[in-house]
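Please keep the sequence and the model in view while reading.

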Amino acid sequence: VEAQANLGFGGGCNLAASVARGEYLVLLNEDCVVAPGWLEWLVSTADANPQAAAVGSLVLFPDGRIQEAGSVIWADGSTMPVGRNLPGHSLEWHFVRQVDYVSACSLLVTRRAWEQVGGFDIGYHPAYYEDVDLCLALRESGYQVLLEPRSRVWHHESASSDGLVKAFLFKRNQDRLQRKWADTLRLQEPARPTE
C-alpha cells in the first residue's frame, strides 16, 4: 500500500489496517528483529483471552537487556517502561499480565476493537504516543491490554529519530494525551519515574 504523502506512524498504520483482512492486526516496526515464535505467542495469547484487545511483546535492546515489559501510564500522561535495563533472561516480569500499555513496535490488536475505537488518533502526527492513546481507548472500552513475554523482539529504539525532534514530539504529544484523557488520567498514580 503506497500513500501519496507522509501520513506519519499512526496515519500509515491506519491506512494499512484499512486494507488488511485478518481477524488480527499486527504492528511491527522496521527496526525490530523478531525471535522464533514471536507471532505465534501473540496470536495464541489473544485467542486464549477474549477480553484482550491488544497483546504486546517483551521488547529487548539489541544487547539483550529489557527495553520494555509493558509500560505504566502516570497521571500526568508521562510513561515508564517496566523492567527497563534488567537482563533479558530475568524472570521478574516474565509472565502474561495486564499492563497500562504496550509499545506499538510489536503489537497485536483485534480488528473488532481497532475498528470500535477508530484505530490510531492521527492528531499525534507524525509519531509518538499513538500507542498510549490507543491502549487507553481500548481499556476505556472495557478491553484488556496484555504483555506476552514469550513473544520477544529486539528493538533499535529511536534509531531513525533525531533526539531533539523526539523530545519535542514527546512533550507535545504527552500534553495532547493529558488534555484528551484528563478524566481517565486522574485515576492513575502520580508520576514516579525512578520506581
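## An arginine in helix α3

R111 lies in helix α3, where helices (H or I, at least four residues) and strands (E, at least two) are DSSP runs numbered from the N terminus. The model is a predicted one, in which local features need pLDDT of at least 70 and side-chain atom pairs count only at pLDDT 80 or more, while totals for chains, interfaces and linings use all residues. Residues are numbered from 1 along each chain as its sequence is written, and side-chain values use heavy atoms, with hydrogens and water left out.

R111 counts as buried because its relative accessibility is 15%; buried means under 20% relative accessible area, exposed over 50%, and partly exposed in between, with a 1.4 Å probe and protein chains only. Leaving aside residues up to four places away in sequence, R111 touches A17, A20, R21, G22, E23, Y24 and L25, a contact being heavy atoms within 4.5 Å. With G22 there is also an approach by the side chain of R111, which reaches the backbone oxygen of G22 at 2.7 Å. The C-alpha atoms of R111 and A54 are 9.9 Å apart, although 57 residues separate the two along the chain.

## Aromatic pairs around F170

Four aromatic pairs are found in the structure. Rings of Phe, Tyr and Trp (its six-membered ring) pair if their centres lie within 6.5 Å, and planes under 30 degrees apart count as stacked, over 60 as edge-to-face and the rest as tilted. The pair of Y128 and F170 is tilted, because the ring centres are 4.9 Å apart and the planes stand at 50 degrees. This pair links distant parts of the chain, with Y128 in the loop between α3 (111-117) and α4 (130-140) and F170 in helix α5 (residues 163-180), 42 residues apart. Y128 counts as buried because its relative accessibility is 19%, whereas F170, at 31%, counts as partly exposed.

F170 also pairs with Y129, in an edge-to-face arrangement with 5.7 Å from centre to centre and 75 degrees between the planes. Here too distant parts of the chain are linked, since Y129 is in the loop between α3 and α4 and F170 in helix α5, 41 residues apart. Y129 counts as buried, because its relative accessibility is 5%.

## A ring cluster and charges over rings

Ring pairs also link F9, W114 and F120 into a cluster.

A charge sits over a ring if NZ of Lys or CZ of Arg is within 6 Å of the ring centre and within 35 degrees of the ring normal. R65 lies over the face of F61, at 4.5 Å from the ring centre, and the charged end of R176 sits over the ring of Y124, 5.0 Å from its centre.

How values were computed: Polar contact = N/O pair within 3.5 Å; in protein donor to acceptor, adjacent residues only side chain to side chain.
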